[in-house]
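Okay, thanks everyone, I'll keep this short. Have a look at the screen and I'll walk you through what I noticed.

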Amino acid sequence: ISSCSTYKKVAYFQDIDEIKDIKNYSSYEPKIKKNDLLSIFVYAPDKEVVTPYNLGGNNDIIPYLVDINGYINFPILGKLHVEGLTLRELSESLTAAISKGVKNPIINVSLKNAKITVLGEVGAPGTYSLTDERTTILQALSMAGDLTLGSKRSNILLIRENNGSFEQVRIDLRKSDILSSPYY
């Protein structure tokens with residue numbers, strides 16, 4: 001049996017046994033930014049009372065586009081500045097405002113246009129829609145069919161937008177230190 005690729009080139013996290021402490025970045029929450037599409041649905045025991053807050057009715061929710069200045073136009077409450085808030089913070093803010101006129105409202109806020117693009121030596125390069133608020137680099141690679149045997153796991157380029165500018169970092173997936181990195 002022979003192979004074109006060696007274990008040293010192909011295996012992920014080759015030094016995992018040496019790592020004692022892996023930091024957990026699970027508390028990361030993405031912030032709302034310009035051009036995001038937000039799905040906002042208001043629930044309450046009395047459905048008639050919350051109908052005016054739900055664009056498109058109960059079956060077909062119309063997303064809210066965060067405009068160039070960071071605002072959405074929300075029914076009854078008017079123009080709201082949402083840029084820079086997390087989805088949880090927006091939900092809490094809307095709950096507080098709507099609670100003044102609605103008993104026990106529940107606000108569901110989600111991001112509708114979160115996407116990633118995976119290019120290069122992967123099984124299925126392309127753009128993928130995200131369903132979670134937080135997607136790891138391993139999940140992104142899995143969506144794209146994993147790295148091919150010929151890819152360089154020691155030279156993965158991650159590019160992401162952060163506060164209006166692009167940041168880039170090289171990642172070595174053969175080493176487990178990525179697990180405790182904010183780029184994970």
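So, one cut-off before we start: I'm calling a residue buried under 20% relative accessible area, exposed over 50%, and partly exposed in between. And keep in mind that this is a predicted model.

Let's begin with the whole chain. We've got 184 residues in the protein chain, and 32% of them count as buried.

What does the secondary structure come to? It's 4 helices and 9 strands. If you read along from the N terminus, the order goes α-β-α-β-β-β-α-β-β-β-α-β-β. As for contacts in the chain with a separation of 6 or more, 53% come from residues 24 or more positions apart.

Three strands make an open sheet, ordered 2-1-5, with antiparallel pairing. At the edges you have strand 2, residues 64-65, and strand 5, residues 106-111, and each of those pairs on one side only. Strand 1 covers residues 37-43, and its antiparallel pairing with strand 2 runs over 2 bridges. Which residue stands opposite Y64 of strand 2? That's L38. Then there's helix 3, residues 87-98, which packs on this sheet and touches strand 1 and strand 5. The direction of helix 3 makes about 150° with that of strand 5.

Okay, rings. How many aromatic pairs does the structure hold? There are 3. One of them is F41 with Y43, an edge-to-face pair, with 4.4 Å centre to centre and 70° between the planes. It counts as edge-to-face because the planes are over 60 degrees apart.

And are those two partners buried or exposed? Well, F41 has a relative accessible area of 12%, so F41 is buried. Y43 is at 38%, so Y43 lands in the partly exposed class.

Last one, a charge over a ring. Where does the charged end of K79 sit? Over the ring of Y71, 5.3 Å from the ring centre.

That's what I had, so let's go back to the picture and talk.

How values were computed: Residues numbered from 1 in each chain as written. Predicted model: local features only at pLDDT ≥ 70, side-chain atom pairs only at ≥ 80, totals over all residues. Heavy atoms only, no water. Phe/Tyr/Trp six-rings, centres within 6.5 Å; stacked < 30°, edge-to-face > 60°. Buried < 20%, exposed > 50% of the residue type's maximum accessible area, 1.4 Å probe, protein only. Lys NZ or Arg CZ within 6 Å of the ring centre and 35° of its normal. Contact = heavy atoms within 4.5 Å. Pairing = 2+ DSSP bridges. Axes fitted to C-alpha atoms, helices over the stretch in contact; angles between N-to-C directions.
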